[in-house]
Amino acid sequence: MAVALQVLSRLARAPLRPLLWGGPGARWASDMALAEQARKLFESTVGAVLPGPMMHRALSLDPGSGQLKVRDRSFQLRQNLYLVGFGKAVLGMAAAAEELLGQHLVQGVISVPKGIRAAVESSGKQEMLLKPHSRVQVFEGAEDNLPDRDALRAALAIRQLAEGLTADDLLLVLISGGKPDSVRCGGRPCGGDCQRPHRGQRPQCARLPAHP
């Protein structure tokens, strides 16, 4: 964002030079050009941090080998991938993840703020919504960002899914709106793709970037 503001600052200064000797028409045309440049810069900046593009930068799947790459780490998928998540942007992140992972995703549970699906739908961002027959279960809760029974049910569902996994399973953890270390794996920060511990073993973790 700081880089974007610097570029915008330069764009704002550049068109002002011809205005010193230009008439009202030239001044109006220059203002319009500057506004268009600012709009394109804003849209490009926002687009770069949307859940979908961010997930595709963090995750890649080789359909032939079934290898899931999370940044610089690779995991073999054998119908053993599960997903949990919580936060404002997790709905869009989960939709992008499910589209990317396809049949490799067995089951998922996410916790999102109350009303987020209706808000996304009304904004026309269909790509940030899960498909009708999604394998990801969505819990809405925490109205006004306050803990409530719905949020508790979501947390219990996430815990139940995670506790049912074995050392052969993979758990993809999506987090937005907070630091990744708000979820800890084996006593240490995770916030990424975790191989579930078995009989006291610590999981393997590959961190994913948290969405702002």
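**View 1. E1 and E2 run antiparallel and are joined by four bridges.** Ser-60 has its bridge partner, Lys-69, in E2. Strands here are DSSP runs of E with at least two residues, helices are runs of H or I with at least four, and both are numbered from the N terminus. Two strands count as a pair if DSSP finds at least two bridges between them. A quick note before going on: this is a predicted model, where local features need pLDDT of at least 70 and side-chain atom pairs count only at pLDDT 80 or more, while totals for chains, interfaces and linings use all residues. Residues are numbered from 1 along each chain as its sequence is written, and side-chain values use heavy atoms, leaving out hydrogens and water.

**View 2. Three strands make an open antiparallel sheet, in the order E1-E2-E3.** E1 and strand E3 (73–76) sit at the edges with a single partner strand each, so one side of each has no neighbour in the sheet. From one strand to the next, the twist averages 25°. (Axes are lines fitted to C-alpha atoms, for helices over the stretch in contact; angles run from 0 to 180 degrees between N-to-C directions.)

**View 3. H3 packs on this sheet, touching E1 and E2.** Contact means heavy atoms within 4.5 Å. The direction of H3 makes about 55° with that of E1. Which residues of helix H3 (residues 51–58) are buried? They are Pro-51, Met-54, Met-55 and Ala-58, where buried means under 20% relative accessible area (1.4 Å probe, protein chains only). Looking down the axis of H3, these buried residues fall within an arc of 100°, so they line one face of the helix. The arc is taken from the directions from the helix axis to the C-beta atoms.

**View 4. Strand E7 (residues 170–175) is mostly covered, with six of its six residues buried.** Leu-170, Leu-172 and Leu-174 are on one side, Leu-171, Val-173 and Ile-175 are on the other, and all are buried. Strand E4 (residues 81–86) pairs with E7 in the parallel sense over six bridges. Ile-175 in E7 is the bridge partner of Phe-86.

**View 5. In the largest nonpolar core, of 31 residues, Leu-83, Leu-91 and Ile-110 touch the most other members.** Such a core is a set of buried Ala, Val, Leu, Ile, Met, Phe, Trp, Tyr and Cys residues joined through side-chain atoms within 4.5 Å. H4 gives this core its largest share, eight residues.

How values were computed. Buried < 20%, exposed > 50% of the residue type's maximum accessible area, 1.4 Å probe, protein only.
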